[in-house]
Amino acid sequence: MDIYVGDIRENAPQCAEPCGRFFNQSGTYPNCPGGPSHHYDMSLWLTSGFGGGAGGDWGQRIGSEYYMSNLNADNLHILLHEIGHSFGLDDFYDWTPTGVCCFLMKAGSASSITEFDAWMFRDWWRHLKSRYGR
Ligand SMILES: [Zn+2]
């Protein structure tokens, strides 16, 4: 595992941008010290006082207080929801699939990964895997 120190952004440590997929969408990582094989795909951004969460192709952002107070919890449901976004899953704020009540991507309806979340992720991969030669 590569460890970088002294890289502070918005008062929080961050992973080295030259090695981040979000910052190097060409996939070449010319300024990453270890080269492409040492890149990272997403990072967790802990922010003091941050309520809720945010997630995208760059990683996840959640409150450091929420994270630290749940270190021993089996499921950090806000983080799990935001990781879903990092993998490309959408929010379900305005509709619910027929026959399904509760799942992580319908924020607030589940506190752990449900069978429906797993099926949604499998379906997403089924549609995307050909892009990656799978
Ligand atoms: Zn969301």
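Reader: Which helix supplies the largest share of the lining of the largest pocket?

Author: A pocket is an open set of points on a 1 Å grid over the protein atoms alone, where a 1.4 Å probe fits, with protein on both sides within 12 Å along at least five of seven lines, and lining residues have an atom within 4 Å of a point. In this predicted model, local features need pLDDT of at least 70 and side-chain atom pairs count only at pLDDT 80 or more, while totals for chains, interfaces and linings use all residues. Residues are numbered from 1 along each chain as its sequence is written, and side-chain values use heavy atoms, without hydrogens and water. Helix 3 gives the largest share of the lining of the largest pocket, 4 residues; helices (H or I, at least four residues) and strands (E, at least two) are DSSP runs, numbered from the N terminus.

Reader: What is the volume of the largest pocket, and which residues are the closest to its centre?

Author: A volume is the space filled by probe spheres set on the points, which are joined across faces, edges and corners. Here the largest pocket has about 490 Å³, and of its 15 lining residues, Arg21, Ser86, Phe87, Leu128 and Tyr132 are the closest to the centre.

Reader: In what order do the strands of the open sheet stand?

Author: Strands of a sheet pair through backbone hydrogen bonds, either parallel or antiparallel. Two strands count as paired if DSSP finds at least two bridges between them. In this model, 3 strands form an open sheet in the order 3-5-4, with mixed pairing. Strand 3 (43–47) and strand 4 (53–56) each have a single partner strand at the edges, so one side of each is left without a neighbour in the sheet. The pairing of strand 3 with strand 5 (residues 59–63) is parallel, over 5 bridges.
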